Amino acid sequence: MLLTSFYERPFNPELGSNLKKFLFEPIDNVTTSIIQDSIFETIKNFEPRVDISEVIAAPNFDNQRYDVFVTFFVKNTIEPITISFFLERIR
């Protein structure tokens with residue numbers, strides 16, 4: 001869902017996010033904030049089974065990517081789950 005662009009899924013064009021377009025922007029605080037907000041909104045809008053606690057997108061200047069950490073609770077559970085992944089542009 002996060003790595004899928006809008007209109008990429010044939011029968012569900014509004015499912016996805018436009019994270020790929022931000023990967024070619026300069027790595028700065030503004031782009032980092034936009035990526036975090038986009039991830040938060042995408043999960044909130046398309047995954048009703050979870051409650052998001054925190055989204056952190058940390059710029060990794062050495063590798064020209066963002067390290068992303070998403071912490072959430074599956075509804076009706078008490079243990080938080082943290083998922084980490086990275087976003088990088090592919091040439």
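Residues are numbered from 1 along each chain as its sequence is written, and side-chain values use heavy atoms, with hydrogens and water left out. Because the model is predicted, local features need pLDDT of at least 70 and side-chain atom pairs count only at pLDDT 80 or more, while totals for chains, interfaces and linings use all residues.

## The sheet

Three strands make up an open sheet in the order E1-E2-E3, and their pairing is antiparallel. Here helices (H or I, at least four residues) and strands (E, at least two) are DSSP runs numbered from the N terminus, and two strands pair if DSSP finds at least two bridges between them. Strand E1 (50-60) and strand E3 (81-88) are the edge strands, each pairing on one side only. Averaged over the sheet and with direction ignored, neighbouring strands are turned by 20 degrees against each other.

| Strand pair | Bridges | Residues between the strands | Residue with positive phi |
|---|---|---|---|
| E1 and E2 | ten bridges | four residues | Gln 64, about 55 degrees |
| E2 and E3 | eight bridges | six residues | Asn 76, near 70 degrees |

Individual partners can be followed along strand E2 (residues 65-74): Arg 65 in E2 is the bridge partner of Asn 60, Tyr 66 stands opposite Leu 87 in E3, and Val 68 stands opposite Phe 85 in E3. Seven of the ten residues of E2 are buried, so this strand is largely enclosed by the rest of the structure; buried means under 20% relative accessible area, exposed over 50%, and partly exposed in between, with a 1.4 Å probe and protein chains only.

Phe 85, which lies in strand E3, counts as partly exposed at 23% relative accessibility. Leaving aside residues up to four places away in sequence, Phe 85 touches Leu 2, Tyr 66, Asp 67, Val 68 and Val 70, where contact means heavy atoms within 4.5 Å. Between Phe 85 and Val 70 there are 15 residues of separation in sequence and 8.7 Å in space, C-alpha to C-alpha.

Thr 32 is found in helix H2 and is buried, with a relative accessible area of 8%. With residues up to four places away in sequence not counted, Thr 32 touches Ala 57, Pro 59 and Tyr 66.

## The cavity

A cavity is a set of points, on a 1 Å grid over the protein atoms alone, where a 1.4 Å probe fits but cannot get out, and its lining residues have an atom within 4 Å of a point. Grid points are joined across faces, edges and corners, and a volume is the space filled by probe spheres set on the points. The count comes to one cavity of 30 Å³ or more, and the largest cavity has a volume of about 40 Å³. Its lining is formed by Leu 23, Ile 27, Gln 64, Arg 65, Tyr 66, Leu 87 and Arg 89.

Terms used:
Axes are lines fitted to C-alpha atoms, for helices over the stretch in contact, and angles run from 0 to 180 degrees between N-to-C directions. On a 1 Å grid over the protein atoms alone, a cavity is a set of points where a 1.4 Å probe fits but cannot get out, and a pocket is an open set with protein on both sides within 12 Å along at least five of seven lines; lining residues have an atom within 4 Å of a point.
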